[in-house]
Each structure stands twice: as structure tokens, then as C-alpha cells.
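Subject: Structure handover and notes

Hello,

Please find the structure below. My notes on it follow.

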Amino acid sequence: MAKKLPKVPVVVVGMGWAGSIIAAELTKAGIKVVGLERGKERKMSDYLMVHDELRFQHRTELMQDLSKETITSRINGKMRALPMRHYGTFIVGDGLGGAGSHWNGQTYRFLPYDFQIKSMTEKRYGANKIKPDYTLQDWGITYEEMEPYYDTFEKMAGISGETVEFYGHRSNPYPTGPMIKTPVLEEFEKATKKLGYKPYMIPSANLSENYENPDGISRAACQYCAYCENFGCEYGAKADPVVTVIPVAKETGNLDLRTYSNVTRILNDGTKATGVVYVNTFTGEEFEQPAEIVVVASYVFNNARLLLNSGLGKPYDPTTGTGVIGKNYCYQVSSGYSSLYYNDREFNLYGGAGALGIEIAEFTGDNFDHTNENFIHGSGIRTTQYGNRPIANNNAPIGTPSWGADFKKQSIKYANSILQVKSQGASMPHKQNYLDLDPTYKDVYGMPLLRMTYDYTEQDRELVKYMAKVTRKIAEEMGPDHIDTVGEQSPFNVNVDTNTHNTGGVIMGAEPETSAVNTYLQMWDAENVFVAGASAFPHNSCFNPTGTLGAFSYRAAEGIVKYLQQGGSLV
């Protein structure tokens, strides 16, 4: 039987970016917060001298343990879903900081088009442009309304970047300038400028210079060591909840941080939450934590799963189209890229950073005419220099055997002589792509696992074909000796690493019939429950989601303060 603890004003489930930002803002406002994190405590010193590729990239030490909790996956509703047993497409964080500790740091804003995508698409192209099976909707808020929250997040994280004319209005420039433009990025820059495009440096949470944020947190500049994704940053140069917002919350004395605390249920009476039940993963003890407000901030999959296992919100039904929890799960489309092989040129590919890159904006969102295209939205076209690592760097042209003498010869030959022109495309929601509870598989606590039903759509395949032509054209201008272009989208495979960005399942909107939360991320069906994170996005843009996740976390914190003062629905 669970041990019942004293009631608290706010309990936050998950201490990654969303939960940590909300905890910091509430505690600064004098509000007592209990922060529950299922993993262990982390601090920056834990990352000192641990450039261990085997430990962190291949054995995924910073990730959720899939032997204890995973998802099941299938590509359509006629199939039986099977558990994901090793990481491929997703890298779900575990421990203090969550995915905010092991991310790469690419920090975009979504476009004004994203927030009003349905109405803007219909206005420009007519209602028939959006096919009936695509459950596209506006977000219930505009970019202009979100801009101040973006600005707050960027100042907290010290985002390095440069203003881009194709995107929305900015009230302030980025707090730090763009990262170093390496010879690799200069190759892309020269080629795209010749083709008439306007390249810009990718906005980065890897600091380009030393920086002190408005909360007084000082961090050092990036060393370009190449150990970003799947790794914590030993310099603190990569913005991470552990080095930015969690110390601020702790300093107030209002944060009760409990690690090894895995929440299994949200207690509720059908209209309001009364608290949560969690298990201490170290001792096995079970606790009941009553609270006035419950903030669910435990990643896309875990947010939806926790609500479904707790009976909060109406589950989505793909047959009738009714219900909202699990609806509009989206991913991203990363095929359409071109690989460039040089026989007589070498680059320093082992130096780099997670957000070191250059991109063009002309094919993002609705920045180009879609009248004669069988898709909407677009892709960021880019070259990045993350930095290669000794074990995983074995690139060879398509058609090379995957093992043996020829594989060794080709991978050695091109170890420092391969570049890529990449495409990261938007993901539109489809009525047959959704999340629900698996009827067969359970976790170590006996709770049903989350089941993901997802495959790429015709929209995705058409987008890939279009963008492959763009990346090929840029690649040819860069003058390599050989180009491989991936011009077709293969069926989805949960075990293949193509992208790591998941959105949807607890989406926001203007009305409860089509959304789970309002624009403060407050549940329509339970006014004292706020569900923060990319689970709130009704579709996924062509950009990395963290900047938008962070902006909405600041808005949610503002809403929670209002709710504590006045109660009721905030919208």
C-alpha cells in the first residue's frame, strides 16, 4: 500500500526541459514544488573526461532502460505491435535533465505558418489542398503571441545565432553570435549562394562565446569536442536543465527534488487530479503525493501513456476520429538527403558540435509555392558538422558491402572525405498515426506499455521526392567525385536511426473537441493538470522542437501561477 505524503501546491512529473523550466519559474515566484524524476541525480561534474562513445552512444547510459519500460510499435492497425528492444529512431532521456542533457542543441523557432497552418494553407491554396485523412488543425495561438516566450527561452539558454529574413519577427537578436563557420560549412555556403539562396548558421544551444543569462548563470563557450548528442557537456557550454534552470530552482529553497521516483498514475476524481502515485525505483517503495496541481512533463510517449493509464482525457479512436489522447502523433522526414564523396579532398570531420551547421530557409514551411505539389510544408536543407567519432564512423557509397575487405577499404578511403546535404522535413498528422495502450505488453510495474501506430504517409513520400532534387542540385554545385541521393522514403522502422523528434499525443487547440490541452497546456478535462512538452504540438515542423517546447513551458508556468490565483479554465 502506498505511503501517503503531505499535500503540496505543485508536483512536477519529469525534470527535463519542460518540467525544469516550470519548476524554476514557479519556485522563483515563491511556490513550493515537488519535482519527481524517475532517474538519478546529475551534475555537470559527472561529465568530466567521459568522451566514451561505447558507454554513452552505443550503450545509451543516459537513456530510458528499455528492458524495464519501452514502447511497442507497428506501422498500421492491422498488425500486432512488438516492443522496441534497442534504440534506433528514438533516444528517450532518463535522469535529471532528461533529453535536455543529451540533445544536440539545435534551437529553432517554429514558423508563423506552423501555428496557423490549416487556415493559412486553405487561404492560399483552397480547402481541397488538405486531404481528408490528414487531421491538420491550427494551434489556437499565433507566432506573435508566442514570440516573447521564445525570447525568454533563448536568453535563458544563451542561444547563438543570426536573424533570418524568411522567419517570424524577433523582438531581440540572439543573445550570442553564431558559431564558427568551418571549411565544411563554407562549401555549402558557396554552393547555395551561387544557386541564389541565402544560407544562415543554425541557431545553437552550444555557446559561441562565454555567457551569463538573466538568472545569473554563467557558462563557458563551446570547445567543439564533437561529443554532444547522447552525451552531457563537461564544459556546460551546451544548454542543459542541469546547468541552467535546475540550479535556479534549487537556490530558491522551494524545490523538493526527488530522484529515482517513477510516477505510475495520476490520481483523479474524473474532473480534477488529486495527486500522483510514484515508485522509488531504488527501494521499490510506493508513495502517494497529493497536490493542488499536477504538471505532466515526462516526454511525448510517457505523457500520453500516463494520462491513458490514469483515465484522464478521452482516448483517440482512429475509426471514428473522436477522442484526443493519443491523437496526431507525428515524427519527422529525414530522407531526401545527398551524400558527397571526394577522392582528393579531406576535411577535419572529427571536430564539431551538435548544433554546428548551416542551412537555407527557402524550402521551409510555405516559403515556396505548393500549388502544383502533392504535399504541404517543407524541409530545412542543411549541412552539419557534429564531429565524427572513432567507432561509428564507417561511411561508404551505396552498393558497398556492409562488411569485408571492400567495406574496410571504402570506409577508410572516405573517413575524412564525405559531406552531406541533409533534409529535415515536417510531419503532418494522419488519422491512422496515433498512440494508445498496448493490450498485451506491460512494464515492470504491471502497467500497460504505450503502443505507437505509425508509418510515413503519401505526404511524406512526396516531400522526400521533392527535397531530394534540391539536395542533389546543391551537392552537384559542391563538386564532389560521387553523389548518393536517397530519393525515396522507405517504410517506417522503429529500429533504424533517422531522426529523434517526436510530437503530439496530447495536443493543444482552441476547443476541447479537437484537443487535449489549451494554449497554456492546461487540460480541458481536468483543469488542475498541465501537460507540458512536445506532446502538445498538433503537427511537427521541419525544425527541431526544443525551442518551441521551451517557449510553451514558460507560457505554461505563467498559466499555473494564474490558476493558483484564480482557478478555472485559463482560456
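The expected span of a helix is 1.5 Å times one less than its number of residues. Helices (H or I, at least four residues) and strands (E, at least two) are DSSP runs, numbered from the N terminus.

The model is a predicted one, in which local features need pLDDT of at least 70 and side-chain atom pairs count only at pLDDT 80 or more, while totals for chains, interfaces and linings use all residues. Residues are numbered from 1 along each chain as its sequence is written, and side-chain values use heavy atoms, with hydrogens and water left out.

Helix α1

Helix α1 covers residues 17-28, which is 12 residues. From its first C-alpha to its last α1 reaches 16 Å, close to the 16 Å expected at 1.5 Å a residue. Of its 12 residues, 10 are buried (under 20% relative accessible area; exposed is over 50%, partly exposed in between; 1.4 Å probe, protein chains only). Among the buried ones are Trp17, Ile21, Ile22 and Leu26.

Six strands form an open sheet in the order β6-β15-β16-β17-β14-β20, with antiparallel pairing; two strands pair if DSSP finds at least two bridges between them. β6 and β20 (482-485) are the edge strands, each pairing on one side only. Helix α7 (residues 183-194) packs on the sheet and touches β6, β15, β16 and β17 (418-425), where contact means heavy atoms within 4.5 Å. The direction of α7 makes about 15 degrees with that of β15; axes are lines fitted to C-alpha atoms, for helices over the stretch in contact, and angles run from 0 to 180 degrees between N-to-C directions.

β15 (residues 357-360) has Gly357 and Glu359 pointing one way and Ile358 and Ile360 the other, and all are buried. In a regular strand the side chains alternate between the two faces of the sheet. Strand β6 (residues 200-201) is joined to β15 by 2 bridges, antiparallel, with Met201 opposite Ile358. Strand β16 (residues 379-384) is joined to β15 by 4 bridges, also antiparallel. In β16, Thr383 stands opposite Ile358, and Arg382 is the bridge partner of Glu359.

Gln410

Is Gln410 buried or exposed? Gln410 is buried, at a relative accessible area of 14%. This residue belongs to helix α10 (residues 405-413). Apart from neighbours within four places in sequence, Gln410 contacts Asn395, Ala396, Pro397 and Thr400.

Regards
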